[in-house]
Amino acid sequence: MLRSLPRAAPSSAPLRVQPHRIHTNTWHLPAAACLFESRQHQKRHAGIHAISNPTLAGIEKRWEGMPPQQQADLWMALRDRMKVNWHEMTLQEKKAAYWIAFGPHGPRSLPPPGEGKKIFWYTMLGVGVSGVIFLLIRTQSRPAPKTMTAQYQAMTNEYLKAQRTEPITGVSSEGYTGKGMIQSKPRKGPPPDEDED
């Protein structure tokens with residue numbers, strides 16, 4: 001008698017659903033497994049029914065104005081429809097799926113007319129304002145320091161030759177033909193004093 005009672009499976013063993021034998025010599029799954037199987041079947045075939053044409057009509061014009069939840073619902077319904085054979089999809093569904101996936105909306109939307117001219121003129125305005133600010137700063141600044149004159153830089157070359165600075169490749173080397181420290185244009189007037197600030 002005790003041997004015929006079912007025993008509980010150990011907790012570490014995986015739960016397995018086994019078919020039970022009934023009186024008519026047919027196999028069937030327990031009720032819970034049948035319910036699970038029917039739910040899986042419903043999920044698998046939920047996208048079989050076509051989406052109505054009024055829902056998809058004019059989707060190109062309505063998409064941007066639709067609430068995000070409605071957009072997501074429509075896209076999920078189309079995605080489920082695309083899981084079946086595409087020959088079973090209606091032409092409206094194919095067009096709507098393509099337009100939602102690749103159409104000019106969101107980040108792919110076309111720029112408004114005249115945007116290129118607007119960008120050009122705002123860029124020119126920014127360049128013009130920065131040029132005016134640059135000129136105002138230049139007119140209000142102090143004159144260049146005395147070290148930025150060609151005469152002072154020529155005197156620096158003579159000083160470096162007297163000190164024998166860089167005798168291999170520099171100003172003090174034999175046959176040197178470079179400019180040395182001279183980098184400014186000559187200034188009109190007498191050479192600067194060494195005591196000038």
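Is aspartate 80 buried, exposed or partly exposed? Aspartate 80 has a relative accessibility of 27% and therefore counts as partly exposed, given that buried means under 20% relative accessible area, exposed over 50% and partly exposed in between (1.4 Å probe, protein chains only).

## Basis of the model

This is a predicted model, in which local features need pLDDT of at least 70, side-chain atom pairs count only at pLDDT 80 or more, and totals for chains, interfaces and linings use all residues. Residues are numbered from 1 along each chain as its sequence is written, and side-chain values use heavy atoms, with hydrogens and water left out.

## Salt bridges

The whole structure holds 2 salt bridges, each being a side-chain nitrogen of Lys or Arg within 4 Å of a carboxyl oxygen of Asp or Glu. Aspartate 80 pairs with lysine 83, their closest N and O atoms lying 3.8 Å apart, and lysine 83 is exposed, at 62% relative accessible area.

In the salt bridge between glutamate 93 and arginine 81, the N to O distance is 3.0 Å. This pair links distant parts of the chain, 12 residues apart, with glutamate 93 in helix 5 and arginine 81 in helix 4; helices (H or I, at least four residues) are DSSP runs, numbered from the N terminus. Both glutamate 93 and arginine 81 are buried.

## Around isoleucine 59

Beyond its neighbours within four places in sequence, isoleucine 59 is in contact (heavy atoms within 4.5 Å) with Met66, Leu74, Ala96, Trp99 and Ile100.

## Isoleucine 133

Isoleucine 133 belongs to helix 6, residues 115-140, and is partly exposed, with 47% relative accessibility.

Methods
Helix = DSSP H or I, 4+ residues; strand = E, 2+ residues; numbered from the N terminus.
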